[in-house]
Amino acid sequence: MTRITSWHGNPSRPRYTPPAGAIDAHCHVFGPMAQFPFSAKAKYLPEDAGPDMLFALRDHLGFARNVIVQASCHGTDNAATLDAIAKSGDKARGVAVVDPAIPEADLVALHEGGMRGIRFNFLKRLVDDAPKDRFLDVAKRLPAGWHVVIYFEADILEELRPFMDAIPVPLVIDHMGRPDVTQGPDGADMKAFRALLDSRPDIWFKATCPDRLDPSGDPWDAFAKAVAPLVADYPDRALWGTDWPHPNMQDAIPDDGHLVDMIPRIALTEALQRKLLIDNPMRLYWPEERG
């Protein structure tokens, strides 16, 4: 497998300045491979994108903290993500990917290492197996205060509803379940996603990845138009992140500075921006600091 680069080598400085304390609540690290080999089941083989690069980007874009989500290329070995959290100086927390049979002691160790949730991936191009019954079992055994992150595409939302309804902890939906943003804010995909949000008060979402979801390209106008009403209507449940280093986006690599400039287009007021970038992610990832 050829190693691929999916991130911008020289991202612009954003025109938008995030508020002090802003959190990039969805990013990843890759390797470094010599220290943290990729999974034998990985569907892509990236070049190294380690914590030094991530934290340099964080500072360049004007953010204070990161939430590092275990990338599928590392499988259920969370060592690379835990290493990045450990090197962050308490400026990062994480989301793990685990074997559903994980022992209690290992979950406790992940918590002590800064993890605050686990991720279930239903994208067939990224994972071979997504056993709902075993996922439910581990969701019932999570440390107190943890949540479940779910990544799926819009066409399987209805089929996943009973599974999501049965998860006994808060849910965070990656990239809004990948709606077709070209349908607009009132399209079928957004209506179905709103119905999901209305079904439970503890479902959160990441208003992320215009580069993945908007085929019109930068500046991603369709994304802005479709997502701004969602953030306005569910202001206490929206999160934001860069998705750096943009797994599998090597053919349409986004400029991270331009991704940051999307923030004021989907969160139109300072109050909304503060919820999106500080208040909401702090509640999920640093609740002990909220008093």
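Is Arg178 buried or exposed, and what is its relative accessible area? Arg178 is buried, with a relative accessible area of 18%; buried means under 20%, exposed over 50%, and partly exposed in between, with a 1.4 Å probe and protein chains only. The model is predicted: local features need pLDDT of at least 70, side-chain atom pairs count only at pLDDT 80 or more, and totals for chains, interfaces and linings use all residues. Residues are numbered from 1 along each chain as its sequence is written, and side-chain values use heavy atoms, with hydrogens and water left out.

Arg178 lies in the loop between strand 6 and helix 6. Its phi is near 50°, a positive value in a residue other than glycine. Met176 is found in the loop between strand 6 and helix 6. Phi of Met176 is near 60°, again positive in a non-glycine residue. Met176 counts as buried, at 1% relative accessibility. Asp186 is placed in the loop between strand 6 (171-173) and helix 6. Asp186 is exposed, with a relative accessible area of 59%. Its C-alpha atom is separated by 35 Å from that of Val138, 48 residues apart along the chain.

The protein has 11 helices and eight strands. These are DSSP runs numbered from the N terminus, helices being H or I of at least four residues and strands E of at least two. The radius of gyration is 18 Å, close to the 19 Å that the globule rule gives for 291 residues, so the protein is as compact as a globular protein of that length. The radius is taken over C-alpha atoms, and the rule is 2.2 Å times the number of residues to the power 0.38. Of the 291 residues, 58% count as buried.

Helix 6 (residues 188-199) and helix 8 (residues 221-233) pack at about 15°, with axes 12 Å apart. Axes are lines fitted to C-alpha atoms, for helices over the stretch in contact, and angles run from 0 to 180 degrees between N-to-C directions. The two helices are therefore roughly parallel (under 35 degrees; over 145 is roughly antiparallel, 65 to 115 roughly perpendicular, the rest oblique). Met190, Phe193, Arg194 and Leu197 in helix 6 meet Ala226, Val227, Pro229, Leu230 and Asp233 in helix 8, contact meaning heavy atoms within 4.5 Å.

Two cis peptide bonds are described here. One joins Gly31 and Pro32, with omega about 5°. Pro32 sits in the loop between strand 1 (23-27) and helix 1 (51-61). The bond from Trp244 to Pro245 is also cis, with omega near 0°.
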